[in-house]
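Morning, everyone. I'd like to walk you through one interface today. Let me put the model up.

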Number of protein chains: 2
Amino acid sequence: MDRSREFVDALVQSFAPAAYTLDEQDRRSYEADWRGLIDEPAVAVLLPSSTVEVAEMVKLCARFGMAIVPQGGRTGLVAGAVPIKAFAQVIISMRRMSKIRGIDSVNNTMVIEGGVILQSAQEAAAAIDRLFPLSLASEGSCHIGGTIATNAGGIQVLSYGSMRHQVLGLEVVLPDGQIWDGLRSLRKDNTGLDLKQLFIGSEGMFGIITAATVRLLPRPKCTLTMLAAIDSAGQALETFVKVQNLCGADLTSCEYFTSGGLEMVLDHLPDSVAPFRESYPAYVLLEVASLDSSADLLGRLEPMLAELLENETIKDMVVAQSEVQRLALWKLREGISEAERAIGGAIKHDIAVPISCIPDVITKISEGLHGVAPGCRLNIFGHLGDGNLHVNVVPPQGVALSEFYSHDRCVTSYIERTAVEAGGTFSAEHGIGQLRVDSLEKYRAPVELALMRTIKDAIDPTWMMNPGKVLNLAR
Amino acid sequence: MDRSREFVDALVQSFAPAAYTLDEQDRRSYEADWRGLIDEPAVAVLLPSSTVEVAEMVKLCARFGMAIVPQGGRTGLVAGAVPIKAFAQVIISMRRMSKIRGIDSVNNTMVIEGGVILQSAQEAAAAIDRLFPLSLASEGSCHIGGTIATNAGGIQVLSYGSMRHQVLGLEVVLPDGQIWDGLRSLRKDNTGLDLKQLFIGSEGMFGIITAATVRLLPRPKCTLTMLAAIDSAGQALETFVKVQNLCGADLTSCEYFTSGGLEMVLDHLPDSVAPFRESYPAYVLLEVASLDSSADLLGRLEPMLAELLENETIKDMVVAQSEVQRLALWKLREGISEAERAIGGAIKHDIAVPISCIPDVITKISEGLHGVAPGCRLNIFGHLGDGNLHVNVVPPQGVALSEFYSHDRCVTSYIERTAVEAGGTFSAEHGIGQLRVDSLEKYRAPVELALMRTIKDAIDPTWMMNPGKVLNLAR
């Protein structure tokens with residue numbers, strides 16, 4: 001701990017009091033994982049207000065061999081932005097770096113700092129009649145830097161891609177404290193390695209993202225939102241394929257959930273309203289958008305929807321007639337996580353499979369899991385159009401999550417294996433963080449893990465950047 | 001040369017005769033750059049027919065310290081896929097690996113080998129009523145592996161992105177001969193580093209791409225193609241911005257060319273027809289597509305086009321009334337390179353700038369270049385919507401290109417500097433290859449070059465994979 005004390009002395013001497021927090025109480029809110037699964041102390045929380053300050057802090061950390069945990073809005077689900085056990089480390093929170101540096105309505109780009117909240121970025125784009133298309137449940141608190149570091153997805157990936165597709169340029173502080181100014185704002189640039197790709201989705205492993213150039217898009221001028229009631233995942237898939245072939249990228253969202261998820265929302269979220277008189281096994285929420293304010297979206301879809309209703313692929317259907325109704329339909333899907341938390345939480349998974357495999361994978365998981373964790377309630381929902389399902393396992397009625405966690409290993413192993421065997425992944429958008437490090441070791445080929453380690457060794461030889469996340473420290 | 005002889009002996013002992021060519025005459029067509037600028041000998045041309053064979057060949061090369069030049073369709077413009085001077089190297093041509101391994105119309109993906117010709121990939125997608133959206137002039141001969149290795153662009157990037165956006169998974173033979181099977185076919189997969197990003201656009205620096213999973217899209221059901229005559233690049237930009245804000249991703253192409261380019265085509269390509277009675281300084285070719293076969297694309301655009309014609313942003317306009325007319329309009333744009341070759345070729349550049357800077361950059365280049373290379377004819381054309389312009393400098397009438405090349409250094413320096421000073425790049429889609437290595441050294445920051453070298457050292461410690469391309473060998 002001498003090293004930590006020396007580091008703190010140097011920190012206090014080098015930076016203004018606003019640039020760090022040492023107080024144990026103040027540090028608490030930075031140290032704990034959002035889900036409350038991980039809570040480990042940091043030597044200090046650093047709060048830089050400029051890229052140069054980040055660079056100076058990283059150099060100071062390097063000098064004292066102090067590991068760094070880059071932190072955004074701390075909304076991740078795999079504890080990737082909080083300290084790990086038994087390690088002298090500091091948190092560098094980006095929350096004071098929240099400037100929008102520039103916006104260009106002709107080039108359709110925006111330069112924003114890492115600590116900008118996603119919703120603020122969306123609002124800045126909307127203010128000039130543009131769309132910043134990343135949208136996800138935590139957009140009111142997650143940081144742009146975090147969404148880049150985790151390659152965030154969300155509810156509009158189908159049309160606009162994940163965060164990787166939005167980023168045109170990056171500014172990064174590297175592990176040795178050098179600043180890489182890669183804030184180009186070009187659609188095409190084939191000049192050697194596209195270095196920004198290395199940092200996107202790398203979960204803070206290679207440096208700290210201090211700013212980014214992101215692309216903006218024209219804003220849709222009309223939207224059609226529909227909820228279809230269906231009997232099975234196979235019918236959900238059939239509906240999705242038909243609508244996508246008709247609408248292409250105009251289909252911005254295709255979300256799936258089951259009667260179990262809907263019931264949780266109706267039971268626990270005030271103001272949620274049942275969409276149908278009857279209950280159905282599952283539901284698909286579809287949203288189609290157009291830049292053409294006079295587009296007759298419903299007229300375009302109607303013949304196909306009528307056919308799907310007639311041949312009973314779709315059992316029943318509602319179409320939002322107003323923005324209020326649209327938000328009410330979305331609440332049924334977006335309220336699921338909150339409702340699940342209200343009943344005590346769940347073991348969470350985030351798989352993706354080839355879209356054609358979704359029905360089989362859902363069947364296999366549903367059938368097999370009851371043997372693995374008897375009495376559990378399965379809450380499967382998510383971004384069907386991306387092949388991405390959140391597979392959450394809720395304890396049996398009356399069993400606390402903490403108690404149910406005894407099944408975690410078996411549940412996790414069953415779900416992950418089922419996804420991987422279908423050609424899928426055990427983490428579609430949540431990333432690896434601390435919580436999926438073992439899964440990465442288990443399911444990725446040695447040649448792939450070795451490549452990742454080789455690159456980590458090359459760029460961060462002392463493994464000081466977010467150690468223990470993504471890659472196993474023990475070799 | 002002993003090493004080369006020993007290598008050849010081992011090659012002949014290890015592989016069937018169909019798997020290599022040693023004959024000097026047969027080798028010729030693999031050794032020379034498409035533009036005829038570079039023509040250096042290879043010790044042998046290897047012609048693997050399977051991924052395992054590629055791996056064995058790479059191991060053999062590694063054993064004898066033989067450098068490898070991976071080669072696709074050899075249609076690149078920067079000599080990235082042919083040997084460099086004074087180096088014992090072999091070419092590995094992928095042309096025998098041309099299988100389409102699988103196609104999935106529900107997941108909308110296709111698994112194809114590196115040697116598949118782009119047009120074959122397009123046709124395979126079309127056969128199941130899907131679109132493989134990469135489209136470029138050399139699509140009849142370029143390989144998928146090459147388009148990935150160079151992150152190829154083309155005429156539909158505006159709507160569908162460059163090759164990087166089409167790739168979901170890769171199979172790669174690494175410099176040590178290991179095979180990385182990363183042929184996943186998922187839209188989302190955040191499990192550690194997204195290794196495929198490293199290989200896309202790396203110009204063979206890290207390994208040989210033997211196969212890829214690419215995404216497919218629904219096929220547009222109707223298209224509107226228009227040619228607008230304009231006075232200046234500023235008006236071209238204004239037209240583009242207005243159409244894009246109205247049509248978004250439905251605007252699949254926005255191409256720019258000048259009267260000089262059009263005249264070349266009309267003079268030198270048979271069957272090309274002048275689109276207007278008068279000549280205008282410049283032209284914008286716009287194509288809008290829709291999945292909706294009953295979409296009234298012209299009706300949607302008409303009020304805006306009428307306004308642009310009335311306020312003289314657009315001077316005149318033709319709309320293709322048939323597929324024949326559509327192809328005739330495209331010929332005026334796509335024939336430019338061929339016509340330029342017919343009059344003896346040009347010094348070629350491929351810049352991109354923030355779209356908002358296009359008019360200024362065109363003005364600056366047009367004004368300045370005549371001082372640098374007196375009498376030259378400037379042929380600027382390209383993908384305006386991507387901010388990407390091909391800036392080709394044609395010798396004065398009566399001067400041979402070989403003679404005009406004495407100006408190459410000054411011309412290149414002026415064009416590249418102008419682009420970079422505007423926040424742009426000196427290579428938008430062509431890459432670095434052999435011909436732009438010095439430019440990369442000149443315009444990229446030391447921290448960026450050092451990062452590239454660090455990663456190269458880590459993955460290919462002996463620099464045997466395509467040495468002398470992208471990064472300078474001399475350090």
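How many residues does the contact take from chain A, and how many from chain B? It takes 74 from chain A and 74 from chain B. Keep in mind that this is a predicted model.

Now the symmetry. Chain A can be laid on chain B by a turn of 180 degrees, with a shift of 0.0 Å along the axis.

Next, area. Between them, chain A and chain B bury about 5900 Å². Carbon and sulfur atoms account for 61% of it. Who loses the most on the chain A side? A:Lys188, A:Asn190 and A:Leu193 do. Together they make up 15% of what that side buries.

The rule finds 12 salt bridges across the interface of chain A and chain B. One of them involves A:Lys188, already named for its lost area. Its partner is B:Asp386, with the closest N and O atoms 3.1 Å apart. Across the same interface of chain A and chain B, there are 32 residue pairs in polar contact, both residues at pLDDT 80 or more.

Which elements of chain A give two or more residues to the side that touches chain B? They are α7 (163-166), β9 (179-182), α8 (196-199), α9 (233-247) and α18 (446-459). α18(A) gives the most, with 8 residues. By type, that side of chain A divides into 33 nonpolar, 27 polar and 14 charged residues.

Last, the annotation. An unreviewed UniProt entry places "domain: FAD-binding PCMH-type" at residues 38-219 of chain A. That span is 23% helix and 25% strand. Its end C-alpha atoms lie 40 Å apart.

That's my tour. Over to you.

Note on methods. Residues numbered from 1 in each chain as written. Chains lettered and ligands numbered in written order. Predicted model: local features only at pLDDT ≥ 70, side-chain atom pairs only at ≥ 80, totals over all residues. Heavy atoms only, no water. UniProt positions renumbered as here; feature names shortened; annotations may be inferred. Helix = DSSP H or I, 4+ residues; strand = E, 2+ residues; numbered from the N terminus. Least-squares fit on C-alpha atoms with pLDDT ≥ 70 in both. Contact = heavy atoms within 4.5 Å. Buried area = accessible area lost by both parts, 1.4 Å probe. Salt bridge = Lys/Arg side-chain N within 4 Å of Asp/Glu carboxyl O. Polar contact = N/O pair within 3.5 Å; in protein donor to acceptor, adjacent residues only side chain to side chain. Nonpolar A, V, L, I, M, F, W, Y, C, P; charged D, E, K, R; others polar.
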